[in-house]
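Morning, everyone. One structure today, first the whole chain, then one residue.

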Amino acid sequence: MGRFRVAGIAAASLGAVALSACAAGGGKHITHASPAGHQQNNAAAGAALRKSETAAAAQVKANELGQVPVIMYHRIVKNPPPGDDRSPKDFRDELERLAAEDYVPVTAAEYVTGKIDIPAGKHPVVLTFDDSSPSQLTLDGMGNPAPDCAIGILMDVAKKHPGFRPVATMYVIKDLFGKARQEEQIQVLQWLKDHNFDVGNHTRDHLNLLGKPKDQVENQIAAGQTLITSLIKTPPVTLALPYGNQPHEKKWALQGASGGTRYDYRGVFLAGYTPAPSPYTKDFDPVGIPRIRSKEKVGDCKKFCSMAWLDWLKANPTDRYTSDGNPNTVAFPKFKAAFVAPSFTSRALPY
């Protein structure tokens, strides 16, 4: 009985409050929005936002299903021998060109996970460095990059071009930037981590994995993983295959285990020839992501290296990835809708 009485008193009190409110309002009725009204308002607001986002994407001709240049560098040295090395001047000139043509660096980890957050109208580029050479990163006694090493040059170009992010992915092996002491290895990898660089696995010993049995493949990759995580406790997100050669079973490079270490990568990078597909497309293949060699137009590089491909992307802007500036949407011209990967359809913004 006590429960019913309390309920009755509460009801009476609520009635009194309602009557007082009517009296205070001069007898006017106070109306409250219905749940259906809230839904209608939310739907209208959502439609308005969608219209605004679509218009913004169309204005900059966004195409987030377009191709992304992933550029591969090795040593940056004066008077480079024939091969993959570049001179400091050539490297600086390429970065200056990328900045002038509205490219914004993103890391390999950001690219493979679809976390490409760059301004509207800009194009992502992934800068990758193989083999952890001292020419790529050398720090002075105060923790500043040497001005003529690759990262020193990248930081300098970024200062001159606000918006050109000074980030890259460093694919490391046991020769960690020429550092033998563990403390020095920790210093350099921690510097990279603190400055938003991405540290990727390039295997421990840089052995060619082509034709190797599964246990050897997994041992090399797991050993590289352990090398990194023992120093900075941050597991790499991607792997770059030595010489770009895939093992007998491609999936061995993506997932595996050895010596108590398990690896599970979001992307495996090759060594050449074409720009990479957008991570939002059905063409994106995490076990074999192409990269472009950094080189001028000579020999095979007349068609297949960085200068040639940057020329091609500039001449074919509708095939290049162009951002809508919104990291929560994947914007593209309507007729490209068939190429959206199923995992990204909820973010699709066709216009």
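Accessible areas here come from the Shrake-Rupley method with a 1.4 Å probe. On that basis, the accessible surface of the protein chain is about 17800 Å². Carbon and sulfur atoms hold 56% of that surface. Keep in mind that this is a predicted model.

Now the fold. The protein chain has ten helices and twelve strands. Its radius of gyration is 27 Å. The globule rule gives 20 Å for 351 residues, so the chain is more spread out than a compact globule. Along the principal axes, the C-alpha atoms fill a box of roughly 90 × 50 × 45 Å.

What about burial and contacts? Of the 351 residues, 44% are buried. Take the contacts between residues at least 6 apart in sequence: 67% of them join residues at least 24 apart.

Charges next. The protein chain carries 41 positive and 34 negative charges. Their mean positions sit 7 Å apart.

Now zoom in on L209. Where does L209 lie? In the loop between β5 (198–201) and α7 (214–232). Is L209 buried or exposed? Its relative accessibility is 1%, and the cut-off for buried is under 20%, so L209 counts as buried.

Which residues does L209 touch, neighbours within four places in sequence aside? T203, V217, Q220 and I221 are among them. L241, P242, N245 and P247 also contact L209.

One distance to finish. L176 is 33 residues from L209 in sequence. In space, the two are 20 Å apart, C-alpha to C-alpha.

Methods. Residues are numbered from 1 along each chain as its sequence is written. This is a predicted model: local features need pLDDT of at least 70, side-chain atom pairs count only at pLDDT 80 or more; totals for chains, interfaces and linings use all residues. Side-chain values use heavy atoms; hydrogens and water are left out. Helices (H or I, at least four residues) and strands (E, at least two) are DSSP runs, numbered from the N terminus. The radius of gyration is taken over C-alpha atoms; the globule rule is 2.2 Å times the number of residues to the power 0.38. Buried means under 20% relative accessible area, exposed over 50%, partly exposed in between (1.4 Å probe, protein chains only). Contact means heavy atoms within 4.5 Å. Lys and Arg count as positive and Asp and Glu as negative; His and the chain ends are not counted. The place of a charge is taken as NZ of Lys, CZ of Arg, CG of Asp or CD of Glu.
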